[in-house]
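I opened a new notebook page for this structure. These entries record what I looked up, in the order I looked.

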Amino acid sequence: MTYWGVNAIFLGIAVVVLAVAVLLRRPGRLFWGSLAGATVLLVVLTAVFDNVMIASGIMTYTEHNISGVRIGLAPLEDFAYPVAGVLLLPALWLLLGRERAGAASFPGAEEGSGRAH
């Protein structure tokens, strides 16, 4: 099995859980902005640190298992797990968080509060 075959499983699960969470909880703009920011940050950090680890010889790849598309030295497949994580964790937060009267767009994100209750 290729790395994309394995990645498809994790990405598929993350997308399904996020879709269910969004349909049940209807998050607001703060949720989507936070999700977008976290995704960009995690992809940039993955690109930097994967390239460092590959350049130093800590990680290697068998060429027949990867697509050949790379960002620097890092194969595109390396970005699937961080993206799956950044989709899955906020989705679980939505699904497992308590519902409260007057709650903001997602649990623990009350405007002006500065802390979760």
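**Entry 1: helix α2**

I began with α2, where Phe31, Leu35, Thr46, Ala47, Asp50, Asn51 and Ile54 are buried. Buried means under 20% relative accessible area, exposed means over 50%, and partly exposed is in between, with a 1.4 Å probe and protein chains only. I noted that this is a predicted model, in which local features need pLDDT of at least 70, side-chain atom pairs count only at pLDDT 80 or more, and totals for chains, interfaces and linings use all residues. Residues are numbered from 1 along each chain as its sequence is written, and side-chain values use heavy atoms, with hydrogens and water left out.

What do the buried residues of α2 pack against? I found α1 (3-25), β1 (70-71), β2 (74-75) and α3 (80-96). Contact here means heavy atoms within 4.5 Å. Helices (H or I, at least four residues) and strands (E, at least two) are DSSP runs, numbered from the N terminus.

I then checked the span of α2. The helix covers residues 29-55, and its 27 residues should span 39 Å at 1.5 Å a residue; the end C-alpha atoms are 39 Å apart, which agrees. The expected span is 1.5 Å times one less than the number of residues. After α2 comes glycine 57, with a positive phi near 90 degrees.

**Entry 2: the whole chain**

Along the sequence, the pattern reads α-α-β-β-α. Of the 117 residues, 27% are buried. I also looked at contacts between residues at least 6 apart in sequence: 60% of them join residues at least 24 apart. The chain exposes about 7300 Å², and carbon and sulfur atoms supply 70% of that. The areas come from the Shrake-Rupley method with a 1.4 Å probe; for residues, only the protein chains shown count as cover.

**Entry 3: the UniProt record**

I looked up the annotation next. An unreviewed UniProt entry places "transmembrane region" at residues 6-24, 31-59 and 79-96. Its positions are in the numbering used here, feature names are shortened, and annotations may be inferred rather than shown by experiment. How much helix is there over residues 6-24? The model has 100% helix and 0% strand there, with end C-alpha atoms 28 Å apart. Residues 31-59 are 86% helix and 0% strand, and their end C-alpha atoms are 34 Å apart.

**Entry 4: helix α1**

The 23 residues of α1 reach 33 Å from first C-alpha to last, close to the 33 Å expected at 1.5 Å a residue. Its buried residues are Asn7, Ala14, Val17, Leu18, Ala21 and Val22. Their cover includes α2 and α3. Just after α1, arginine 26 has a positive phi of about 50 degrees.

**Entry 5: nonpolar cores**

Which residues form the largest nonpolar core? I listed twelve: Ala14, Val17, Leu18, Ala21, Val22, Phe31, Leu35, Ala84, Val86, Leu87, Ala91 and Leu94. A nonpolar core is a set of buried Ala, Val, Leu, Ile, Met, Phe, Trp, Tyr and Cys residues joined through side-chain atoms within 4.5 Å. Another core lies apart from this one; it has six residues, among them Ala47, Tyr61, Ala74 and Phe79.

I followed one member of each core. Leaving aside neighbours within four places in sequence, valine 86 is in contact with Leu35, Ala38, Thr39 and Leu42. Alanine 74 sits in strand β2. Its relative accessibility is 0%, so alanine 74 counts as buried.

**Entry 6: aromatic pairs**

I searched the whole structure and found two aromatic pairs. Phenylalanine 10 and tyrosine 81 pair edge-to-face, 5.3 Å centre to centre and 65 degrees between the planes. This pair links helix α1 to helix α3, 71 residues apart. Phenylalanine 31 and tryptophan 32 are also edge-to-face, at 5.1 Å and 85 degrees. Rings of Phe, Tyr and Trp (its six-membered ring) pair if their centres lie within 6.5 Å; planes under 30 degrees apart count as stacked, over 60 as edge-to-face and the rest as tilted.

Is phenylalanine 31 buried or exposed? At 3% relative accessibility, phenylalanine 31 is buried. Tryptophan 32, at 38%, is partly exposed.
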